[in-house]
Amino acid sequence: MADRVGIVSVGQTKYEPDRSDVNEGELAYEAIKQALEGAGLTLSDIDSAVTCSQDFWDGRTISSMNIQHVVGAHLGHEDKVAEDGANAVFCAMAQLLSGHQSVVLVVAHTKESQAERSLIENAAFDAALVRQLGLDFVSAAAMQARRYMYKYGITAEQCARVAVKNRGNAKNNPFAQEPMDITVEDVLSSKLLSSPIRRLDAKPTSDGACAMILTTEEKAKKLTKKPVWVLGVSNCYETHYLGDRDLADCGALSTAAKKAYSMAGIRNPLKEIDVAEICEEYTYQELMWMEGLGFCDRGEAVRLMDRGVTKMGGKLPVNPSGGVLSGNPVNVAGLARVAEAALQLRGEAGDRQVQGARIALAHGVTGICGQHHCVIVLGNS
Amino acid sequence: MPNRVGIVGIGQTYHAARRPDVNQAEMVAEAVRAALEDAQLSVKEIESVFTANMETFEAIYLPDHGMASEVGALGKPGFKVNTGGTTGGSVVAEGFYMVASGLFEVAMIVGFEKQDCGDTTAAISAAATPLWGKGATTGAIGEFAKQALSYMETSGATEEHAAMVRLKADRNACKNPHAHLRLGLQSIDEVLKSGYLVWPLRILDFCPQSCGACVLILASEKKAKQITKKPVWLVDVEVVHQEPFRAGVFGDPTGKETYTQHVACERLYKRNSITNVRKDIDLAEVYEPSNWEEMNLYEHFHFCEKGDGWKLVEKGITEMEGEFPVNCSGGVLATNPIGATPVIRVAEAALQIRGDAGEHQATKDIKTAIATALGGPNWTVLSLLKRSL
Amino acid sequence: MVKNVKAKKATDKEPEYIHIQIDKPRRYDWSTGKYVGHFYAEAKENKRIMGGRCPKCKEIWLPPSVICPKCKVEMGWDWVEMPQTGQVYQYTYLVFPLWDPHYGEKWANPYASAVILLDNGVFYRHRLEETDKDKLRVGMRVQAVWKEDYDERGQGPGDILYWRTIEE
């Protein structure tokens, strides 16, 4: 591939529990407007749009119809990716590298407050065998958390430290929904959702949108002084049925990470990556995904965290934005991670800036117990 | 320099009204196995899998996850796209971009729908915005009825012409073992005797709801030439969406609005130096939800002048033995698993170019073909296929 | 509720398939947002039909939205009241009952759904009162009939019950 793909601007809405003042199109437009202004472009300059939303969450077949007008898709090119938002970046990258498009707008939106989460998530399970068990993603994640904790001797208290770190980080993020000053005791005494996951261990219901503009290398250099290059990207599927895999293992994430690292020329992620934004919908996931991303061996993430590696000021800060725990809707979460990573590399991350960040990692997850992962490596040189 | 993209494997299920014998994953696996066999590849050699499906029809959230193992996506990259009726067209476009960009050498495209699992009309009606649609939406069929009315009034086409299109579709479908509706219709009268669903659309005028899957395997030029002696080149794609027309959904009775079909084919033809459509292209597989729409699409895609679509039908030009065959597979009137239908159009066009369409092979030699996709509200995806680069 | 149909004894011929039927409604709580919300508010409070006008192309959009789809510019807050009379531009007449998937209701059957050309040249799609298909024709003049009860309104376009044929 001769050309590189660059992110030229990003936009996010402030994530809130209930944005009943706007509909999906208006919400997405808030983020799109920021991205357009950041790049100095108008909707007419966009060649193609890649949207990310789910029909089930929007309650409307062809949910991208809600936002056709705000992405400028009238008599234009648009495609909807029905996975987590990070995958939309992958899709945009293919369109740009193929030479067929040169300016792509990527936008993800979801209004979780509008829908019944449990019923939607329950519909992801096998209708014949598993749905009747009444599982949704929280209860499935709880099983995964139990398995992980059992296999590697991780305690709920150790998982709770992730919440303390991330929600604390969120205080520096003006977009975050739930910045909090909490202790491990606060987490452990919060309402139990599905053992061992408690309210503060889990992401809240959230409404929001995130948008970014990607272009070919040549255009990126013209549109912005600080393009963020997509150095490596890959995603991967895991098996579906929960019993078919060891839930404490995330092989799909390791596969995706390996491919993304090799594209980006990264051999030692812990050393070479300066900041990581990963999708931790529940506290235990941050630990598991760190292992899957190759930061350390399986079961060792807790030690990495306790040594202060992943906190602000550490060797590899993880989720300086507060992560998904501090409030990101489904679908938007992965794209928001890419946006935050891009802001870090542009030096525009304000109080949550990791100084001198040159290589960042963004990660998105979709599905039951992390069945589908997407890993993106970004750089600014 | 972008890679050139070849279609090296084609697989379909035998489409049917109901498939109680399989669940979604098993049904798709049939098509996947057929495509792998066609390409003489093992599932290990597939580098990525891209899926197309409208999940509201079966009420299954994240269907591509549910079939990750059966489809061969386990441990591999991929994602699902979802853009309504054009979903299958969009996924072919995405696969095209993925291989053209060099990100993958081999990509598998899967389109499927199992419509016996849900209420299709309700799901299509749910495409209307819930904030505005109350009481005014009529499902796809009401919209196509209006489109048919407009076409009748502006072009002078008669119900007999529509019946001729239906007969052609059925004649062709009866020679296509994969088609769903193979009715053995014999005469125009038979079509005209069937009852009206929504005037002027009769039961036979509208596409069925089918269960089926269609899989394509795409490869870069270098890989394609290694895999098969007869790759079919996917030369170009064009995707155009729009906001709904003010006065209609699939048809604009005012005659003032711009159609995505025009924009899409004009861009595609210009990029590929197509100036005399029926000479530069040999065959078309169009996505026609109703027979009236097929005649209208002939005009939209510049197969003929405006208002003359029904003349092509009258003169037999679009028959299998004709000068410009359209829908030798029986088209959407015979088979319509919504997520798969646009992929089937590309697959059938590719089979024609390869000369592998068996009994429903067009009489003339097909070197260049166009496959179209239609979705709500009047979105278009076009694919251009060629035998040689 | 999940209903399991028990498989009968398998015979030599076709096996009996077990079907699992799930009839659970999913609840949604859609926000109208600013623009469509204004339409809803005017309909409920004042029984008026409001359209948004694009500052660039001056076209009136119904339903209103934040961006003009054609010009791709922001619409601003320029509202125009629509006339409540018009003529039927095109219609279709349905005789089979459809489920409205958004509201879980079965629509009345038969019914006519029409594209109405309002007197100011803007199109509006809605239902007609007339259910006798022989009495329907293109060009007939119709007028909006509102739900009179204030508390029943607040459904946006649903606040208009249907469009009644007015005798010339």
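**Loop backbone**

Modeller: B:Ser273 sits in the loop between α11 (260-271) and α12 (277-280) of chain B (helices, H or I, are DSSP runs of at least four residues, strands, E, of at least two, numbered from the N terminus). This is a predicted model: local features need pLDDT of at least 70, side-chain atom pairs need 80 or more, and totals for chains, interfaces and linings use all residues. Residues count from 1 along each chain as written, chains are lettered from A and ligands numbered from 1 in written order, and side-chain values use heavy atoms, without hydrogens or water.

B:Ser273 has phi near 50 degrees, positive although the residue is not glycine. Most residues other than glycine have a negative phi, and most peptide bonds are trans. B:Ser273 is exposed, at 60% relative accessible area (exposed means over 50%, with a 1.4 Å probe and protein chains only).

B:Gln40 also has a positive phi, near 55 degrees. Its loop joins α1 (24-39) to β2 (48-52) of chain B. B:Gln40 is exposed, at 66%.

Now the cis bonds. In chain A, the bond from A:Ser195 to A:Pro196 is cis, omega near 5 degrees. A:Pro196 lies between β5 (192-194) and β6 (197-198) of chain A, in the loop. In chain C, the bond from C:Leu62 to C:Pro63 is cis, omega near 10 degrees. C:Pro63 is in the loop between β4 (60-61) and β5 (79-82) of chain C.

For context, the contact (heavy atoms within 4.5 Å) takes 55 residues from chain A and 56 from chain B.

How values were computed. Buried < 20%, exposed > 50% of the residue type's maximum accessible area, 1.4 Å probe, protein only.
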